[in-house]
Amino acid sequence: MSSLLDQKILKGVVTMIVICDMDEVICDFTDSMLYLYNKEHHTDVKKEQLTNWALPEDLKDIFMNTNNFFTELPPIDGAIEFVKELHNISDELYIASCPSGSARIAKEKFLWMKIWLPELVDNLVLTSNKQILKGDCIIDDNPNHLKKFPGIPIVMDRPWNREPIENEYRIYDTDYNKILKFLNSYATLY
Ligand SMILES: [Mg+2]
């Protein structure tokens, strides 16, 4: 046993704090960005081609310069039900996302939460530095956040994070049930 959560169970501490990302974990970010990019540039760039976390500037321009881009992102299929169940099984759940240094994006992410998950709007954390968050596990697709987080990294498998991450629990095909089963296996130990 080595994870923070395992250590807490050994010590008889019974809380499970979960940090859950927005883009590419519950919000359909990349396909929405590529749709607008391909329409504007008459191209056919696919998600599988994005093998680096750092996006080219012309792709970034799409979400940096499109008003309401983040407010209008569709949830990934099953995401809202997943977060509600996650809220049930965790003691504390925080939705954490990076606003890319933009007041407009910060506001749009807040509005997205008001629309889709109003009960968790006060649990939204906007930061570029998720390692400062206190939690037992993080569900994310950003290899930088996942590598540095001092808890269990639950990796939402994407073309840009295929390099294995220490102690990772990897989720393919956005299989939310697998995450819930994994966390429930901890919950039943309490
Ligand atoms: Mg993300």
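Which residues does Leu50 touch, not counting residues up to four places away in sequence? I looked this up before anything else, keeping in mind that the model is predicted. I found that Leu50 touches Thr30, Pro159 and Trp160.

**Entry on Leu50.** I placed Leu50 in the loop between helix H2 (29-41) and helix H3 (57-65). I then checked one of its contacts, Pro159. Leu50 and Pro159 stand 109 residues apart in sequence, yet their C-alpha atoms are 6.2 Å apart in space.

I traced an open sheet of 6 strands and wrote down its order as E3-E2-E1-E4-E5-E6, with parallel pairing. At the edges I noted strand E3 (124-126) and strand E6 (169-171), each of which pairs on one side only. From one strand to the next, the twist averages 20 degrees. As background, I reminded myself that strands of a sheet pair through backbone hydrogen bonds, either parallel or antiparallel.

I looked at one pair in detail. Strand E1 (residues 17-21) and strand E2 (residues 92-97) run parallel and are joined by 5 bridges. For Cys20, I found the bridge partner Ile95 in E2. Helix H5 (residues 103-116) packs on the sheet and touches E2 and E3. I noted that the direction of H5 makes about 165 degrees with that of E3.

**Entry on the core.** The largest nonpolar core has 36 residues. I listed the members that touch the most other members: Val18, Cys20, Ile26, Val83, Ile138, Ile139 and Ile154. I followed up Ile138, leaving aside its neighbours within four places in sequence. Its contacts include Ile19, Lys130, His145, Phe149 and Ile154.

**Entry on positive phi.** Glu24 has phi near 75 degrees, and His42 has phi of about 55 degrees. Glu24 is in the loop between E1 and H2, while His42 is in the loop between H2 and H3.

Which of these counts as buried, and which as exposed? Glu24 counts as buried because it has 20 C-beta neighbours inside 10 Å. His42 has 6 such neighbours and therefore counts as exposed, the cut-off for that class being 12 or fewer.

Conventions:
Residues are numbered from 1 along each chain as its sequence is written. This is a predicted model: local features need pLDDT of at least 70, side-chain atom pairs count only at pLDDT 80 or more; totals for chains, interfaces and linings use all residues. Two strands pair if DSSP finds at least two bridges between them. Helices (H or I, at least four residues) and strands (E, at least two) are DSSP runs, numbered from the N terminus. Axes are lines fitted to C-alpha atoms, for helices over the stretch in contact, and angles run from 0 to 180 degrees between N-to-C directions. Two residues are in contact if their C-beta atoms, placed from the backbone, lie within 7 Å. A nonpolar core is a set of buried Ala, Val, Leu, Ile, Met, Phe, Trp, Tyr and Cys residues joined through C-beta atoms within 7 Å.
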